[in-house]
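Please look over the sequence and the model below before reading on.

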Amino acid sequence: MNRFLLAPHAPGAPAPAPVPVPVSARRPAHLVGDTPVLWIDEPFAPPGCGFHAKLEGANPGGIKDRPALHMVGEARRRGELLPGATIVESSSGTLGLGLALAGRTYGHPVTVVSDPGMEPAVAKLLTSLGARVDLVTEPHPAGGWQEARRLRVAEHLARHPQAYCPDQYGNPDNVAAYGPLAAELLAQLGRVDVLVAAVGTGGHSAGVSAALRAANPALTVIGVDAVGSKIFGQPAGPRLMRGLGSSIHPRNVDYATFAEVHWIAAAEAVWACRLLARRHYAFGGWSVGAVALVAGWAARTLPVGTRIAAIFPDGPHRYLDTVYDDDWCRERGLLDGPPALEPDEIAEPDERVVQRWTRCRRVRDPLGRTPASAPVEAGPR
């Protein structure tokens, strides 16, 4: 396509120089990907010993725009999602925004099943984007809000046989969607020695690590979970944080990829989020704060020259009334000061119930589907 236009000019006058035509996305989905990387050092790490933050909040709705578009596109290609059929999925928010984008892109109505923990701003945004929001009212006695949402999705599918659920927790297309993100990191950084990623459905940690490990078999992956999450062997408990952690065991979590896991408490994530905003003009929610805290620790403790990539999954907009609201945080005891500089450590994931930042260098699948990892030390490659 000709990217230059010639402005009109008088006959006989010298022709003007070509004027470049601005590159413009033709569809909202074209805005997904090619997100920037920001160097983060002080006060998380000494100068020259920081980490590279992949700012997925630069996507229209956040990191889950990538799998939403990919899962829906692949389902259409295979004939699992018929033209015009409804997409129904469980989401606390970010995937819902991605599915609203996918629905607009491919011409499907979208129903997002969530719970009272969804921020009112996100529910309003989803509605304004054309999605329907269906809130469950009671948690499941064993599986919490996530299981209650999954059961509600099953009810929708039973009533509407042509409806389609992407099943972000177990769909391999969720994992495959993150190959381009890894390719972007390699193009931006040249190599990645250590990846720090939050774990919720397991999609982006599994997909990015697999693609990065193909380029660097010695890659070290550090998982970041939430206190009260059962993904890595802790008992499920109450969780303020959304976007990381789970009260179920998502099938997409690749336990074998992790060298270690860190659990982060809500107050620690809030402190890191606010510090990122003040010092680096970098904003995001619970997962961003938790990942920054762990990536900063890795930058302080690993040898100089270790190239650390940390994935920041979203931006600040859905958290303005929570993470960045003083009254909301104060009422919940989340502004009591900075966290400890070092995590507690446990030898086994279920050694005791953790309440604050805690590290474990043995990772195992709580359901026994993959063997436990032996403790390893991350280092330069």
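Helix α7, which runs over residues 203-215, has 13 residues and reaches 19 Å from its first C-alpha to its last, close to the 18 Å expected at 1.5 Å a residue, where the expected span is 1.5 Å times one less than the number of residues. Helices here are DSSP runs of H or I with at least four residues, strands are runs of E with at least two, and both are numbered from the N terminus. This is a predicted model, in which local features need pLDDT of at least 70 and side-chain atom pairs count only at pLDDT 80 or more, while totals for chains, interfaces and linings use all residues. Residues are numbered from 1 along each chain as its sequence is written, and side-chain values use heavy atoms, with hydrogens and water left out.

Which residues of α7 are buried? They are G203, H204, S205, A206, G207, V208, S209 and L212, where buried means under 20% relative accessible area, exposed over 50% and partly exposed in between, with a 1.4 Å probe and protein chains only. Their cover includes the helices α5 (172-176) and α6 (179-189) together with the strands β8 (194-198), β9 (220-226) and β11 (308-312).

Leaving aside neighbours within four places in sequence, W286 is in contact (heavy atoms within 4.5 Å) with residues including L240, M241, Y319, V323 and W328.

Elsewhere, H30 sits in the loop between β2 (19-20) and β3 (37-40), and H30 counts as partly exposed because its relative accessibility is 49%. A polar atom of the H30 side chain lies 3.5 Å from the backbone nitrogen of R26.

Taken as a whole, the protein has 10 helices and 13 strands, and 53% of its 381 residues count as buried. Among contacts between residues at least 6 apart in sequence, 67% join residues at least 24 apart. The C-alpha atoms fill a box of roughly 85 × 55 × 45 Å, taken along the principal axes.

How values were computed
Polar contact = N/O pair within 3.5 Å; in protein donor to acceptor, adjacent residues only side chain to side chain.
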